[in-house]
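Biologist: I would like to go through this structure one feature at a time. Please give me the general idea behind each reading, and then the case at hand.

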Amino acid sequence: MIIVGELINASRKQIAAAIENQDTATIQTIAKDQHENGADYIDVNAGVFVGKESEYLQWLTETVQAAIETPCCIDSPDPKAIEAALTVHKGTPMINSISLEKERYEALLPIVAGTDFKVVALCMSDKGMPQTTDERMEIANELVNNLVKNNVPVENIYVDPLVQPLSTNNTFGVEFLNSIESIIKTFPGIHTVCGLSNISFGLPERKFLNQTFMVMAITKGLDGAIVNPLDQKMMANIIAAEALAGNDEWCSAYLEAYRAQKFEY
């Protein structure tokens, strides 16, 4: 399971303030905490700063990688902001995200084509947000095939089928889970990823729903998650589900987590 730490996002007041004040210590502490708790990538997002996103995303990328060697998940729909971050990024980044929306697709494709970047492919098109498995697969088929034709290896593609709130339609959970299963069967070697907290929007006990949904998604084949690595219960659920789904040879990761007391909280 690839873990993308989601905490350095300017939509959070603490992060927005740290960015505006160029508070290196706060950003680096949060980056280190996420890395030490299992993050494989650190998501960096400065999207709320219209007109300054490129400058701030570049600063975030430099600041994070001055503290840890973990690669960044460069999170923006703006190709100029992504290009600015790439000028300072060390190692192989994850780009979050390209979609089938015409303007976004045409702007981002030249940036990722022929590279070894990891690419999040969001199941979104100009028709709007897909609601069913079939609608997600229609987008995924065109988007993945186009990326492969443009020399993005299938193993570098992380399809995000797009989680929607269960409170607005009781089929949204099942349709998402079925999409995960269909995507990995249709494209051998491909990955899936999501930020799944949207599933619980508008409902009580959100963390409980999120943790349960994560386990269900892992049983369908989800192998990437944009989550808070400091959420001990979520991380414990992921480790246990990975073992139970047969993704943890000899249960070595599970036993290592047990010895590190990661199930005590």
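Predicted model: local features only at pLDDT ≥ 70, side-chain atom pairs only at ≥ 80, totals over all residues.

Modeller: Residues are numbered from 1 along each chain as its sequence is written, and side-chain values use heavy atoms, with hydrogens and water left out.

Biologist: Which residues of H9 are buried, and what span does the helix reach from its first C-alpha to its last?

Modeller: Buried means under 20% relative accessible area, exposed over 50%, and partly exposed in between, with a 1.4 Å probe and protein chains only. In H9 the buried residues are Met234, Met235, Ala236, Ile238, Ile239, Ala241, Glu242 and Ala243. An α-helix has 3.6 residues a turn, so residues three or four places apart point the same way. As for the span, the expected value is 1.5 Å times one less than the number of residues; H9 (residues 232-244) has 13 residues and reaches 18 Å, close to the 18 Å expected.

Biologist: What is found at the ends of H9?

Modeller: The N-terminal end of H9 is capped by Asp231, which has a side-chain oxygen 3.3 Å from the backbone nitrogen of Lys233. After H9 comes Gly246, whose phi is positive, near 85 degrees.

Biologist: How should I read the pockets, and what volume does the largest pocket have?

Modeller: On a 1 Å grid over the protein atoms alone, a pocket is an open set of points with protein on both sides within 12 Å along at least five of seven lines, whereas a cavity is a set where a 1.4 Å probe fits but cannot get out; lining residues have an atom within 4 Å of a point. Grid points are joined across faces, edges and corners, and a volume is the space filled by probe spheres set on the points. The largest pocket has a volume of about 890 Å³, and among its 31 lining residues Glu6, Gly195, Leu196, Ser197 and Ile226 lie nearest its centre. Strand E4 (94-100), strand E5 (118-125), H8 and E8 each supply at least two residues of this lining. By class, the lining holds 12 nonpolar, 11 polar and eight charged residues, where Ala, Val, Leu, Ile, Met, Phe, Trp, Tyr, Cys and Pro count as nonpolar, Asp, Glu, Lys and Arg as charged, and the others, Gly among them, as polar.

Biologist: Which element gives the largest share of the lining of the second largest pocket?

Modeller: That share, six residues, comes from H9. The second largest pocket has a volume of about 500 Å³, and of its 19 lining residues the closest to the centre are Asn37, Gly38, Met235, Ile239 and Lys262. Its lining has 10 nonpolar, four polar and five charged residues.

Biologist: Is Thr63 buried or exposed, and what does it touch?

Modeller: Thr63, in helix H3 (residues 53-67), counts as buried because its relative accessibility is 6%. Leaving aside neighbours within four places in sequence, Thr63 is in contact with Thr24, Ile27 and Gln28. The cover over the buried residues of H3 includes helix H1 (13-20), helix H2 (24-36), strand E2 (41-44), strand E3 (72-75) and helix H4 (79-86).

Biologist: Where do residues other than glycine have a positive phi?

Modeller: Gln22 is one of them, with a phi of about 50 degrees; Gln22 sits in the loop between H1 and H2 and is partly exposed, at 35% relative accessible area. Leu162 has a positive phi of about 80 degrees and lies in the loop between strand E6 (157-160) and helix H7 (172-186), where Leu162 is buried at 11%.

Biologist: Which residues does the cis peptide bond join, and what polar contact does Arg104 make?

Modeller: The cis bond joins Asn96 and Ser97, with omega about 10 degrees, and Ser97 is found in E4. A polar contact is a pair of N or O atoms within 3.5 Å; within protein, one must be able to donate a hydrogen and the other to accept it, and residues adjacent in sequence count only if both atoms are side-chain atoms. The side chain of Arg104 makes such a contact with the side chain of Ser97, at 2.9 Å, and Arg104 lies in helix H5 (residues 102-112).

Terms used. Helix = DSSP H or I, 4+ residues; strand = E, 2+ residues; numbered from the N terminus. Contact = heavy atoms within 4.5 Å.
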